[in-house]
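Look at the sequence and the structure shown here before reading on. The briefing then goes through some of the features to look for.

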Amino acid sequence: MAFLRLDPDGGGPLHERIAGAVRRAVADGEVVAGETLPAARDLAETVGVNVNTVLRAYRDLRDEGLVELRRGRGATVRQVAVDQARLRQLADDLLAEAARLGLSRADVRALLEARS
Amino acid sequence: VTRPPDRGVDRPGVDRPGVDRPGVDRPLARRLAEVAFPVLAVATALIAPLPVFARLPDPVAAHWGLGGAPDGALPLVVDVVLLAVVVLVVGAGPCLAARGAVPRDQARVLLGVAGGTSVLLAGLRVASLQANLDAPTWDAATALPGSTLLVTAGVTVLAVLVGVTAAGDRPDRAPALTSPADVGVTPGDPVVWSGVASSRGGVIAAMGALSVTALSALVVPAEGRLVLVVAAVAAAAVAATLGQVRLTVGPAGVTARLGWFGWPRVHVPIADVGEVRIEQVVPYEYGGWGWRLVPGVSAIIVRRGPGLRIARRTGRTLVVTIDDAGRAAGVLEAHREAYRATTSTS
């Protein structure tokens, strides 16, 4: 199951809004690794855009390594993308917690260095 | 004190290690193990007749009685091409289907059948070549060599086990249950929901038909063989269509596509969407599985259980079986309300 939230402000080109919605869904854990995104034609039809707009968004995502594109199989979300999103989330949490405790970036760096 | 970086700006996908390693999602060894036996079997069945083609009688012995003596023949070219095509269909067909996002248990069935049937056929192909080798006419062919049959039986079991085991590291799909009120989408949110419903019965029926194809290619006496092979392949294709339905719901409407081939498909524009409800679908109420047309209702049914019921403004109703129908209904209802609001104010 995939749940995509398009940027409601309508800012930026359409294909960028669609790609952004997929990136956000991965970062928020809304889609899991191996998940198949809607077929380009279905997504185009249900969002009300041209199919080439969706295909362009999917190609951009493939070039970033977020999804795999295979003929007859559609776009599947890659495990590495999900892992990276989770790692980024953990890093954000670490920095937020450090900020809450009044630690500087140098302190966090020292903390990480001490255990490598 | 520094502010944590804005995650909206920090796009995942840039400067990430691992991007240049294709196939890291599932280990390459597992991917290869899945298809190794079908690939070897298809290659064997295609290549094995070539070097010995001139040493085979024409017509060639193609069916053996229980006593071991040949009792049926086919023109040499027909025999070679028929077996090659059947091995290709039973070996490659399920492997291609398993590349899609099928649940784990279905992938196990697909790859187990692909390995077992293709290896069995390839082994029998080799055995029948051995029996026909250097025979002046087809009725002078020897019995199928027992050693080859024994090896074939062993490798067939191995191929089934490897296929079933190697498919086990796929992500599995657990159907979620949400009520339309819990979706958390307000009318006007440009959200897209996409989900599936899949049927174990459709997969098993398709693989059953393929197994019939494989067996009838060798067991059925010569004349009925072509007819049965064609009929069983057609039955497998039809059953495969009933294996899965995928539904996409967005601001502009809803689209459903049936099967692994993505056809047939149906689209309902948002302007055409009336009342949206969820229901527990019971297949026999619609006359069975697949694309059902009953008075007033079109239904896409791959299993019993949760489904979406959309009353169309044209007067017809569309019913689609779908996992987490509640979420699908909630999203569609939000889009419908937003559409009604814009059309009533303008």
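Predicted model: local features only at pLDDT ≥ 70, side-chain atom pairs only at ≥ 80, totals over all residues.

Chain A has 5 helices and 3 strands, in the order β-α-α-α-β-β-α-α from the N terminus. Its radius of gyration is 17 Å, well over the 13 Å that the globule rule gives for 116 residues, so chain A is more spread out than a compact globule.

**Chain A as a whole**

- Along the principal axes, the C-alpha atoms of chain A fill a box of roughly 50 × 30 × 25 Å.
- Buried residues make up 46% of the 116 residues of chain A.
- Among contacts in chain A with a separation of 6 or more, 48% join residues 24 or more positions apart.
- Chain A exposes about 5900 Å², and carbon and sulfur atoms supply 51% of that area.

**Helix 2 of chain A**

- Helix 2 of chain A spans residues 40–47 and is mostly covered, with 6 of its 8 residues buried.
- The buried residues are A:A40, A:D42, A:L43, A:A44, A:T46 and A:V47.
- Which elements cover these buried residues of helix 2? From chain A, the cover includes helix 1 (14–27) and helix 3 (51–63).
- Chain B also takes part in this cover, with strand 3 (191–198), strand 4 (244–250), strand 5 (253–258) and strand 6 (265–269).
- Just after helix 2 of chain A comes A:G48, which takes a positive phi of about 85°.

**Nonpolar cores**

- The largest nonpolar core has 32 residues, and those touching the most other members are B:V86, B:V90, B:L110, B:L121, B:M207 and B:W260.
- Two or more residues of this core come from each of helix 1 (28–47), helix 3 (76–97), helix 4 (104–132), helix 6 (200–219) and helix 7 (222–241) of chain B.
- Helix 6 of chain B gives the largest share of this core, 8 residues.
- Leaving aside neighbours within four places in sequence, B:M207 is in contact with B:P94, B:V109, B:L110 and B:V113.
- Apart from this core lies another, of 31 residues, which includes A:M1, B:V185, B:W193 and B:V266.

**Backbone details in chain B**

- Most residues other than glycine have a negative phi, and most peptide bonds are trans.
- A cis peptide bond, with omega about 0°, joins B:D58 and B:P59. B:P59 lies in the loop between helix 2 (49–52) and strand 1 (60–64) of chain B.
- B:D134 is not a glycine, yet its phi is positive, at about 65°. B:D134 lies in the loop between helix 4 and helix 5 of chain B.
- Phi of B:D324, also a residue other than glycine, is positive and near 55°. B:D324 lies in the loop between strand 11 (317–321) and helix 8 (325–345) of chain B.

- Is B:D324 buried or exposed? At 3% relative accessibility, B:D324 counts as buried, because buried means under 20%.
- B:D134 is partly exposed, with a relative accessible area of 49%.
- B:A181, in the loop between helix 5 (146–166) and strand 3 of chain B, counts as exposed at 72% relative accessibility.
- B:A181 and B:G330 are 149 residues apart in sequence, while their C-alpha atoms are 6.4 Å apart in space.

Technical notes. Residues numbered from 1 in each chain as written. Chains lettered and ligands numbered in written order. Heavy atoms only, no water. Helix = DSSP H or I, 4+ residues; strand = E, 2+ residues; numbered from the N terminus. Rg over C-alpha atoms; globule rule 2.2 N^0.38 Å. Buried < 20%, exposed > 50% of the residue type's maximum accessible area, 1.4 Å probe, protein only. Contact = heavy atoms within 4.5 Å. Areas by Shrake-Rupley, 256 points an atom, 1.4 Å probe, with all protein chains shown as cover. Core = buried A, V, L, I, M, F, W, Y, C linked by side-chain atoms within 4.5 Å.
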